[in-house]
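Please look over the sequence and the structure shown below before reading on. The briefing that follows takes up salt bridges, then a strand and its partners, and then a helix.

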Amino acid sequence: MIDFSPTKGCTVYGIAGFSDHLIIICTDPVFFRDYGCEAVLSVNVTTWNGLAYNDASCILDVGDHPFIKHKSFAFYKQSVPLRVPSLIEKVQSGDLIPMGVLSDSVLQRVLDGFEKSNQTPLKSLRFLELIKKELE
(Lines give C-alpha, C1' and ligand atoms only; values in the text may rest on other atoms or scores of the structure.)
Protein backbone atom coordinates (compact mmCIF):
# COMPACT_ATOMS: atom_id res chain seq x y z
CA MET A 1 0.00 0.00 0.00
CA ILE A 2 1.29 3.45 -0.95
CA ASP A 3 1.46 5.95 1.89
CA PHE A 4 0.08 9.17 0.41
CA SER A 5 -1.26 12.32 1.99
CA PRO A 6 -2.25 15.14 -0.39
CA THR A 7 -0.57 18.41 0.51
CA LYS A 8 -0.19 21.79 -1.14
CA GLY A 9 2.18 21.54 -4.09
CA CYS A 10 2.17 17.78 -4.57
CA THR A 11 1.35 16.30 -7.96
CA VAL A 12 -0.24 13.09 -9.20
CA TYR A 13 -0.63 11.59 -12.65
CA GLY A 14 -3.85 10.05 -13.92
CA ILE A 15 -7.24 10.62 -15.46
CA ALA A 16 -8.37 14.24 -15.56
CA GLY A 17 -11.15 14.89 -18.02
CA PHE A 18 -10.86 12.51 -20.96
CA SER A 19 -7.18 11.57 -20.73
CA ASP A 20 -4.22 11.29 -18.38
CA HIS A 21 -2.67 14.51 -17.11
CA LEU A 22 -0.37 15.79 -14.42
CA ILE A 23 -2.66 17.04 -11.65
CA ILE A 24 -1.46 19.71 -9.23
CA ILE A 25 -2.79 19.73 -5.67
CA CYS A 26 -3.00 23.46 -4.97
CA THR A 27 -4.05 23.54 -1.31
CA ASP A 28 -3.65 21.65 1.90
CA PRO A 29 -6.75 19.69 2.93
CA VAL A 30 -9.60 21.64 4.50
CA PHE A 31 -13.12 20.59 5.47
CA PHE A 32 -15.40 21.41 2.53
CA ARG A 33 -19.02 21.57 3.56
CA ASP A 34 -20.24 20.91 -0.01
CA TYR A 35 -18.63 17.45 0.15
CA GLY A 36 -18.93 16.74 3.88
CA CYS A 37 -15.25 15.82 4.12
CA GLU A 38 -11.77 17.23 3.67
CA ALA A 39 -10.94 18.38 0.14
CA VAL A 40 -8.07 19.95 -1.81
CA LEU A 41 -8.19 22.18 -4.87
CA SER A 42 -6.71 20.64 -8.02
CA VAL A 43 -5.86 21.78 -11.52
CA ASN A 44 -4.53 19.68 -14.36
CA VAL A 45 -1.67 20.48 -16.69
CA THR A 46 -2.51 20.33 -20.39
CA THR A 47 -0.37 20.62 -23.51
CA TRP A 48 -0.38 24.04 -25.11
CA ASN A 49 -1.55 23.73 -28.71
CA GLY A 50 -2.73 27.26 -29.49
CA LEU A 51 -6.42 26.40 -29.55
CA ALA A 52 -9.09 28.78 -28.25
CA TYR A 53 -9.45 26.96 -24.91
CA ASN A 54 -5.75 27.37 -24.06
CA ASP A 55 -5.38 29.63 -21.02
CA ALA A 56 -2.26 31.82 -20.82
CA SER A 57 -2.86 32.66 -17.14
CA CYS A 58 -0.14 30.18 -16.11
CA ILE A 59 2.17 28.75 -18.76
CA LEU A 60 4.28 25.81 -17.58
CA ASP A 61 7.35 24.57 -19.44
CA VAL A 62 10.35 22.28 -19.26
CA GLY A 63 12.04 22.74 -15.89
CA ASP A 64 8.85 23.57 -13.99
CA HIS A 65 8.28 19.86 -13.19
CA PRO A 66 10.17 16.74 -14.37
CA PHE A 67 7.01 15.42 -16.07
CA ILE A 68 6.55 18.53 -18.25
CA LYS A 69 8.36 17.99 -21.57
CA HIS A 70 6.96 20.92 -23.61
CA LYS A 71 4.93 24.10 -23.32
CA SER A 72 1.82 23.44 -21.23
CA PHE A 73 -0.71 25.37 -19.18
CA ALA A 74 -2.72 25.10 -15.98
CA PHE A 75 -6.21 24.27 -17.25
CA TYR A 76 -8.20 26.37 -14.76
CA LYS A 77 -11.48 25.68 -16.57
CA GLN A 78 -11.13 22.06 -15.38
CA SER A 79 -10.01 22.93 -11.83
CA VAL A 80 -12.03 21.23 -9.12
CA PRO A 81 -11.97 20.50 -5.40
CA LEU A 82 -11.19 16.81 -4.87
CA ARG A 83 -12.37 14.73 -1.92
CA VAL A 84 -9.30 13.72 0.09
CA PRO A 85 -10.60 10.20 0.92
CA SER A 86 -11.26 9.52 -2.79
CA LEU A 87 -7.88 10.93 -3.79
CA ILE A 88 -6.07 8.72 -1.29
CA GLU A 89 -8.08 5.69 -2.44
CA LYS A 90 -7.19 6.34 -6.10
CA VAL A 91 -3.49 6.60 -5.25
CA GLN A 92 -3.61 3.40 -3.20
CA SER A 93 -5.41 1.55 -6.03
CA GLY A 94 -2.89 2.76 -8.61
CA ASP A 95 -5.40 4.88 -10.55
CA LEU A 96 -3.31 7.95 -9.66
CA ILE A 97 0.49 7.97 -9.37
CA PRO A 98 2.33 10.44 -7.06
CA MET A 99 4.73 12.54 -9.14
CA GLY A 100 6.57 14.70 -6.61
CA VAL A 101 6.23 18.26 -5.41
CA LEU A 102 6.36 21.58 -7.26
CA SER A 103 8.87 24.21 -6.23
CA ASP A 104 7.42 27.07 -4.19
CA SER A 105 7.91 29.53 -7.07
CA VAL A 106 6.10 27.36 -9.63
CA LEU A 107 3.29 26.64 -7.16
CA GLN A 108 2.88 30.38 -6.54
CA ARG A 109 2.54 30.99 -10.30
CA VAL A 110 -0.15 28.30 -10.46
CA LEU A 111 -1.99 29.80 -7.47
CA ASP A 112 -1.80 33.33 -8.91
CA GLY A 113 -3.34 32.04 -12.14
CA PHE A 114 -6.62 31.07 -10.47
CA GLU A 115 -7.53 34.74 -10.08
CA LYS A 116 -5.95 35.83 -13.39
CA SER A 117 -7.91 33.33 -15.44
CA ASN A 118 -11.38 34.17 -16.68
CA GLN A 119 -12.00 30.41 -17.00
CA THR A 120 -11.77 29.48 -13.30
CA PRO A 121 -15.07 27.93 -12.15
CA LEU A 122 -16.96 29.64 -9.34
CA LYS A 123 -16.66 26.51 -7.17
CA SER A 124 -12.85 26.69 -7.38
CA LEU A 125 -12.83 30.39 -6.49
CA ARG A 126 -15.17 29.70 -3.54
CA PHE A 127 -12.83 26.97 -2.35
CA LEU A 128 -9.88 29.38 -2.46
CA GLU A 129 -11.88 31.88 -0.42
CA LEU A 130 -12.52 29.15 2.15
CA ILE A 131 -8.77 28.49 2.36
CA LYS A 132 -8.07 32.21 2.86
CA LYS A 133 -10.59 32.34 5.73
CA GLU A 134 -8.98 29.30 7.34
CA LEU A 135 -5.62 31.09 7.31
CA GLU A 136 -6.96 34.25 8.98
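A salt bridge is a side-chain nitrogen of Lys or Arg within 4 Å of a carboxyl oxygen of Asp or Glu. This is a predicted model, in which local features need pLDDT of at least 70 and side-chain atom pairs count only at pLDDT 80 or more, whereas totals for chains, interfaces and linings use all residues. Residues are numbered from 1 along each chain as its sequence is written, and side-chain values use heavy atoms, with hydrogens and water left out. Helices (H or I, at least four residues) and strands (E, at least two) are DSSP runs, numbered from the N terminus. Buried means under 20% relative accessible area and exposed over 50%, with partly exposed in between (1.4 Å probe, protein chains only).

**Salt bridges**

- A search of the whole structure finds 4 salt bridges.
- In one of them, the side chains of aspartate 34 and arginine 126 meet at 2.6 Å, N to O. Aspartate 34 lies in the loop between strand 3 and strand 4 and arginine 126 in helix 3 (residues 122–135), so the pair ties together parts that are 92 residues apart in sequence.
- Both ends of that pair count as partly exposed, aspartate 34 at 42% relative accessibility and arginine 126 at 40%.
- Arginine 109 forms a salt bridge with aspartate 64, and their closest N and O atoms are 3.2 Å apart. The pair links distant parts of the chain, with arginine 109 in helix 2 and aspartate 64 in the loop between strand 5 (59–60) and strand 6, 45 residues apart.
- Arginine 109 counts as partly exposed at 34% relative accessibility, whereas aspartate 64 counts as buried at 17%.
- Glutamate 115 forms a salt bridge with lysine 132, the closest N and O atoms being 2.7 Å apart. Because glutamate 115 lies in helix 2 and lysine 132 in helix 3, the pair ties together parts that are 17 residues apart in sequence. Salt bridges that share partners join Glu115, Glu129 and Lys132 into one network.

**Strand 4 and its partners**

- Strand 4 (residues 37–47) is mostly covered, since 9 of its 11 residues are buried.
- Two strands pair if DSSP finds at least two bridges between them. Strand 4 pairs in the antiparallel sense with strand 2 (residues 19–25) over 4 bridges, and valine 43 in strand 4 is the bridge partner of isoleucine 24.
- Strand 3 (residues 30–32) also pairs with strand 4 in the antiparallel sense, over 3 bridges, and here cysteine 37 in strand 4 is the bridge partner of phenylalanine 32. The hairpin of these two strands has 4 residues between the strands, and in it glycine 36 takes a positive phi near 75°.
- Strand 4 and strand 7 pair in the antiparallel sense over 4 bridges, with serine 42 standing opposite valine 80 in strand 7.
- Strand 4 and strand 6 run antiparallel and are joined by 3 bridges, with threonine 46 opposite phenylalanine 73 in strand 6.

**Helix 2**

- The expected span of a helix is 1.5 Å times one less than its number of residues. The 13 residues of helix 2 (residues 104–116) should therefore span 18 Å, and its end C-alpha atoms are 18 Å apart, which agrees.
- In helix 2, Val106, Leu107, Val110, Leu111, Gly113 and Phe114 are buried. They cover an arc of only 150° around the axis, which puts them on the same side of helix 2; the arc is that of the directions from the helix axis to the C-beta atoms.
- On the other side of helix 2, Asp104, Ser105, Glu115 and Lys116 are exposed.
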